Amino acid sequence: MTRGILLAVALAAASFASAQTSPDQQARGLLDDGRTYLKEGKLKQALDNFNTIVSGFSATDSVDDALLEIGRYQMEVEKNPDKAREAFEQVAKRFPQSDGAPGAYFYLGMLTLARTAAAAEIEDALAQFARVQRLYPGSEWVPKALYASATAHRKAGRFQEAVEAGRRVFLEYPNSDAAPAAHFEVGHVLALMGEPRPAMEEYQQIRNRFRGSEWAPRALDRITALYRLYGSPKPSFAADSSYSIGAGDILKDVRALLMTPAGTLWIASDKVKSVVPYGAEGKMGASVPGVDLGSLALAPGGDLLASARLGVRVGPRDIRSFAIPTDKPGVPEPLERIQAAVMTPAGSMLVADGKKKHIYRFDPRQQYQGLFPDGNERDVTRMTVDGEGGIVVLDQGTRSVQVFDESGRLLRSIPTRGAGYELHRPVDVAVDPCRNLYLADREAGILVFSPQGQLLIALSGPELRRPTALTLDPSGAVLVYDEKAERVLRYK
Amino acid sequence: MSRLVVRWGRLAGLAFLLAPLAGAQEPAAQPPLSEAVQKELGSVQDLLARGTAEFEGSQQSRSIVVFDEIVTRLEAVRRQGTLPPRGREILAQAFELRGRAYYNIGLQEKAADSFRSLVQLSPQYGISREKVSPKVVDYFNSIKKALVGYIAVSTKPPGARVSLNGEFLSLTDFFPLEVLAGEYTVEIVRDGYQTETRSLSIASRATETLQVELKRTLASAFFITEPAAVDIFVDGQQRATTAGALSPELIPVVRAKGLEPSRASARTEVANLSLGSHVVEFRKKCHETVRKTIEVLEPRDYDTEPLRMEESLASLRLRSDPPGARIFVDGEALGVTPKEIEGVCSGKHRIEVKHASGKFLQDVVLEKNESVTIDCPIRPSLAFLGVVAESAAAEGAQSDADEKIVQNLSKITSLNFLVAPRETVDRILDAERLTRKSLIPGAGTDPDLLRKVTEKMAAALEVQGFLIASLPEEKLRRTASLHLLAAGNTVADRWNVTFTEAASYLRFNEMVNQHATVYRPWTGLVTVDTLLHEGVPVLRVVPGSPAAQAGLQPGEILVAVDGKPVKQTADFLSAISQKKAKDRAALLFRGASGTRSVELIIAQTPQEIPLNEPSLLYNKVMMDLRQQVEGYPGSEAAAYARLNLAICAMHFGDYAAAHEHLLKAKSELPQRPGISQGTALYYLGVALERLGYKKEALDAYRGAAAAKDATLFNNDGPAVAALASRRAAS
């Protein structure tokens, strides 16, 4: 049924019902139904209801709520920030006294925050969140705005402010929906600040007070990951002898591993010329073909990025190739030895080429934007983006790991040599949400570094002979591909 | 029995004067008046007033018409047999005044008619010479003498009822009374004696005398008790109470029976006992009840054996939480708790223990020599102020809602729920020109006035909080909003119920019955959940805590509490939350070197009330906290309660009240790690900031930032210092 017909039907129904109910009541009915549709996953029906309110019941007191729902739909379902912004701005401008207005400011801030990590934009988002607190102090959106402020401060690197904003949520609104999220945020910030034990206590608050919330299992993963590293005087990893995944050719010539937050393990095997997924319960899913596979990464939206020599596959169908400008105008040179690629939170694609020894930046339309982070040559075989938007780069040429921000500023590095370790043949790198860095070295085994660059532990043992790829599961367990054993090992 | 008739003309005048006295001896039971008769009486009363005014005026003759109307109307009632004594009085006065009015205008025949009617109505009626002309009085008396004779009756024993033609005359013995001359049947009745009947002819101006010896048919029993004032029940009916002092001649008898004559009662009669067996019970407060059986074989007097009543006392030991509460036993003030009260009479008593923060109420039955200890938990009292309708349409449901709400809220156990006396509430509200609606949020009442009024009402009603219900404008008229308001607070908690459905109150009652405490059980053991272990690893041990005292260390894995497995921290917390301070908990740990058991003695940690917790009724929480503050002044518990009162005030946005509480809490709270002075300083900064005192807020934040070990929430909570520093900086 087209939207127009639906509208007509809704209006007809409305006029029929009008003998008994007021337009306000009818609009409220449509709104309630729309929200029920949303919960049931009937997204289109929900959107039709909301649009009907906006077009057919524009004078009722449900319009602001309908616009808010439309904005959320555009933001969360259609992933269309421009349309979402348009809807939220309508609420803020046309209905500044409505219940929906603080929600609109909240979402406008969230849209800005999601768009970039640039300081000015973060400030802009913070201003939106502050507006919610200042103009609508009694609104249910205040704790959400406070929580979002905490996230914004974290993104800006202002950890103390982030902790304060987050703590205000559970101090002043301990039973709001935002409270468990705020605990999580504070725990996360404390971990980033190098305070893992207070971080664990903060995560544990979610387990104790919000057992049924969606944050509780995530908190358990975070505590587990932190406790493994910081719970005892020395980190403790144990090889999980019972762990077994994949079989046959899939486990031959494995180039990369990637575990998604949902627990799906992707194995990039050049032997079977595919990237093969295994679900959390160990079942193999639909594979993605690829030749001369390199690294794997996750795009900000959750899509798999599989680098191959000539291009990068984004999700199951989108294959992108990249070219850089040459001296001859209009004659670009394609990249032919792609070794790694990542997508930044702002949507730029960073592509490392083994032949040119450079990382190139491309915009979402694959337009060349320049070199990253600078013009120095690097033999980059692995890249990943940490939870804070840092670009982690493994340079085999210098046998080191460097972390840059999106603008190319060096944030920290793991040099070839340091206290208690030396990198010989680093092959893969992974970072957990708390910025602990895990490095696979063909000769040195698995090395785990704190966010401050200190070696926490070196994993080795008879079962680990030649690691060539690694990834982390959500609870911080290390999954390593051993080239000699042709199997994936798990250290938990 | 003999009959003696005597002429007694000389005494007639004396008898006349005594007649009203004699008539007053028999209190005649009056049948209830019908509405019509009452109305008629009221009307003729007015007429009499008018007629009397006319009579005393210059045109006395005009009054005759009025008296005629009175006579006509009351005679009509009299003919129906429903004329009450007051009606007879009015009729008699009307006859008298009409007669005098006729006499004064020279119509003596008419006057005689009226006086004749008067004497026939009331033969003992007299007209005083002091107020009325002697001529008129003589004229009246001459008419009366021609109409009346006299009768005198005496009986052995006296006290018998005498009726003439079925109409009560007097109790024997009486002097001659005036009666209309004529033929009479005289009936003499006395309980316990055979009824005697005589026929008698009374001539005008003559006196007839009857002397009758009554024949006994029932018995009497006589009792002496030590002490006096003992209620005597015969066959379950109270018949007498011993009283007075023992007559001298009985002293030897009583002494011989082992009683103390000076404490013994007079010989007290219980008359009219039928022949046969009777159960007699002797009851006196604070004494053991005695039961005896007496056999009445013939109609005579029986003297029973003097009886000494044994005292029956018990003792009460009353303790209260908080102590220092005033004790009332059956309304009598008996000191303050804790107290042991000796010599309390056995039997049923109402114990009331009152404190500024609430009261305790219980009925007890004490046995002789029993020593009863009662713990008296003081509960705040909640006064129900009634139901208000928010619209005219809702007014119809008010009474039903009132009844249902009282019925359902009476099930609250954590508070004394009572219905406030309407007049007291109205008086206090009227004095401030407020109504019940003014107490409901949104009424726009000045908060300071609201605070003042609720405090006044609380003092008058001896309660700590109020509940008022409102009926919103609603088609179905099912919803009632319950507004719970602590005395001295300015914003009520609102809760909607479907007032007709008992189930609808359950959640509200449950929330009211939650008791807010400033402490919770505490071990100081901080554990976390991981996917790495079977149990939960210890992350931190709070210094000075029971866990630290037991030597527990981070890294140990807690696997069981009191024999129950601990799979996640929530299991451990749940087990501890069910314990009290000083309880023991058996913890089992697994470590590298095997398992070990540790016994912890549970301590307690102060805890904050969450600032916004939907499952709390903050006004009820405030009532509980005030109980701590007022019940244990100067204690740490009171200081923590004060801090939480401030948080409650902040919950309602009442930062001025919060500030007041925090200033006190700051000086009362200890200076030590955990919830302490630094905590109060932090919140003081928040309150001052909200009130717009930025400089003072900054000082408070700086003070909090300096309190390095102070925490929020509880002793395991986050540090205040970092938060305060940030606030100070911003």
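Predicted model: local features only at pLDDT ≥ 70, side-chain atom pairs only at ≥ 80, totals over all residues.
Local features need pLDDT of at least 70, side-chain atom pairs count only at pLDDT 80 or more, and totals for chains, interfaces and linings use all residues. Residues are numbered from 1 along each chain as its sequence is written, while chains are lettered from A and ligands numbered from 1 in the order in which they are written.

**View 1. Chain A in outline.** Chain A has 12 helices and 27 strands. Both are DSSP runs, numbered from the N terminus: helices are H or I with at least four residues, strands are E with at least two. Of the 492 residues in chain A, 49% are buried. Buried means that 20 or more other C-beta atoms lie within 10 Å of the residue's own; 12 or fewer means exposed, and in between is partly exposed, with C-beta atoms placed from the backbone.

**View 2. An open sheet in chain B.** Five strands run in the order β25-β24-β26-β27-β28, with mixed pairing. Strands pair if DSSP finds at least two bridges between them. β25 (416–419) and β28 (493–498) of chain B each have a single partner strand, so one side of each lacks a neighbour in the sheet. Within the sheet, β24 (residues 381–389) and β26 (residues 465–471) of chain B pair in the parallel sense over 7 bridges. B:Leu467 in β26(B) is the bridge partner of B:Phe384.

**View 3. Two cis peptide bonds.** One joins A:Phe372 and A:Pro373, with omega about -15 degrees. A:Pro373 sits in the loop between β14 (368–372) and β15 (380–385) of chain A. Another joins B:Asp321 and B:Pro322, with omega about 5 degrees. B:Pro322 is in the loop between β17 (313–321) and β18 (326–329) of chain B.

**View 4. Positive phi at A:Arg435.** A:Arg435 is not a glycine, yet its phi is positive, about 70 degrees. A:Arg435 lies in the loop between β21 (426–431) and β22 (437–441) of chain A. This residue is buried, because 21 other C-beta atoms lie within 10 Å.
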